[in-house]
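Open the structure in your viewer and keep the selection tool at hand. The stops below say what to select and what is there.

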Amino acid sequence: QSNYENAIAELDRLKKPSRKERLSSFTSFDKFDEITKLDAFGSQLSESNWLKNIKEKMDESGIKISNKLLYAFHTSVKIHDWSPLVVLAGVSGTGKSELPRQYAHHGGMNFISVPVKPDWDSMQSLFGYYNSIENKFEPTELSRAIYYMQSVQMKNTMLLVLLDEMNLAYVELYFSDLLSKFETNRGTDDIITYDISLGANEAPEKMEIGKNILWVGTMNEDETTKALSDKVVDRSTLITFPRPKTLVSRRSDIKIPDTEKRLTEGLWKKWCSNTLTEDQLKDKNFDINKYRKIIEDINDQMSKVNRNLGHRVWQSIERYVFSHPMTVANIDNGSEFKRQFDSAFAEAVAFKVMPKLRGIEVSGESKKVLDSIYTIISQEIPALAEDYKQAMSLSSRIFQWCSAKFMDIEEKVA
């Protein structure tokens, strides 16, 4: 009897499992269920009022983030079609992980934090693998979350994914394929998919990675981390957090307010399309070519040390400045518009151009190039001059953009 039962059990194990059985690990992602129960923000809610609410709720939570940094982060996320990954770098303990967490929480988005491991070496590390012994796909928490986002009840919600300490492993090994797909699909309505392997003789399951999924990473720079490749830097917006001027004690009696409403993908898309156009600037006799020339002049110098900028960088800078809520809000305000435009342009150059100079020796012929760029910066983008000078004066004798004093200037919000 025992041998018979064992044989039956072995036959059951060896029989071809159904497609449903192979996908049985993809259960409902109940962490998102609370969001679906909330009323949606009204379709007439303005982008600035939404950000104001997030700032107020963060203040209640004891998280001290300036309006300028919040707006810079929001704008960077908003231009995900052009730079699909936002990377937050800076001193540990400055709120790099907490900003995206609370931005999503108070903004009505789903949120998942994914701790990156040093041994990640492929997209399987990110999404999981097919277990041929158990005859089913073994998903990660991230792939379960994304798979659930394609269900009917989640289609009109947003998800922000945080890759925490993303450069503990080489980012290009586990994420660059996705970056390439994002770029290929830019400007189209096509849905990016990832093939979930279901074993031999079974068509893979298509996991949709929609444009309602936003990607953010945090990054430390020490001996345990990997440098970002040019491919990742080019397709990212790299924000360096300013160091805190005063250190604040954490209050034990602070409670993070609950999420109040849900952000729909439709409202998010509406805000993403709320940008300036070149025609608007021409109507105001505002010369965008002046700013393009600044980047071209910097690029001329960078080419001498083989650090060239492509069209993608300028397009991302332009999109950032055109999409910043403060430039959009002040288009009719003359000198104030120019001030906000200059401020947003300085941020975009810091986030998109300065990381390309990392690792250049501050000596010999390369120092002449860095000095020439400094001349351009000090004359045309003076807000960045102090940070640039600091990047050149480190004891390592290589250029490293690691400060953000230009972000210390607090701005009035729209």
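Start by selecting Glu183, which counts as partly exposed at 23% relative accessibility (buried means under 20% relative accessible area, exposed over 50%, partly exposed in between, with a 1.4 Å probe and protein chains only). This is a predicted model, in which local features need pLDDT of at least 70 and side-chain atom pairs count only at pLDDT 80 or more, while totals for chains, interfaces and linings use all residues. Residues are numbered from 1 along each chain as its sequence is written, and side-chain values use heavy atoms, with hydrogens and water left out.

The side chains of Glu183 and Arg235 form a salt bridge at 2.9 Å, N to O (a side-chain nitrogen of Lys or Arg within 4 Å of a carboxyl oxygen of Asp or Glu). Glu183 sits in helix 10 (residues 176-184) and Arg235 in the loop between helix 11 (230-234) and strand 9 (236-240), 52 residues apart. Helices (H or I, at least four residues) and strands (E, at least two) are DSSP runs, numbered from the N terminus. Now extend the selection to Asp234, Arg312 and Lys356: salt bridges with shared partners join these to Glu183 and Arg235 in one network.

Next, select Lys31 and Glu141, whose side chains meet in a salt bridge at 2.4 Å, N to O. Lys31 lies in the loop between helix 2 (19-22) and helix 3 (33-37) and Glu141 in helix 8 (residues 141-149), so this pair ties together parts 110 residues apart in sequence. Lys31 is exposed, with a relative accessible area of 55%, and Glu141 is partly exposed at 33%.

Move to Glu47 and Lys78. Are Glu47 and Lys78 buried or exposed? Both are buried. Their side chains meet in a salt bridge at 2.9 Å, N to O. In the structure there are 25 salt bridges.

The whole structure has three cavities of 30 Å³ or more (on a 1 Å grid over the protein atoms alone, a cavity is a set of points where a 1.4 Å probe fits but cannot get out; lining residues have an atom within 4 Å of a point). The largest cavity has a volume of about 160 Å³, the space filled by probe spheres set on the points. Select His80, Asp81, Phe182, Ile192 and Lys211, the closest to its centre of the 15 lining residues. Then show strand 8 (residues 213-219), which gives the most to this lining, with three residues.

Terms used. 1 Å grid on protein atoms, 1.4 Å probe; cavity = no way out; pocket = protein on both sides within 12 Å on 5 of 7 lines; lining within 4 Å.
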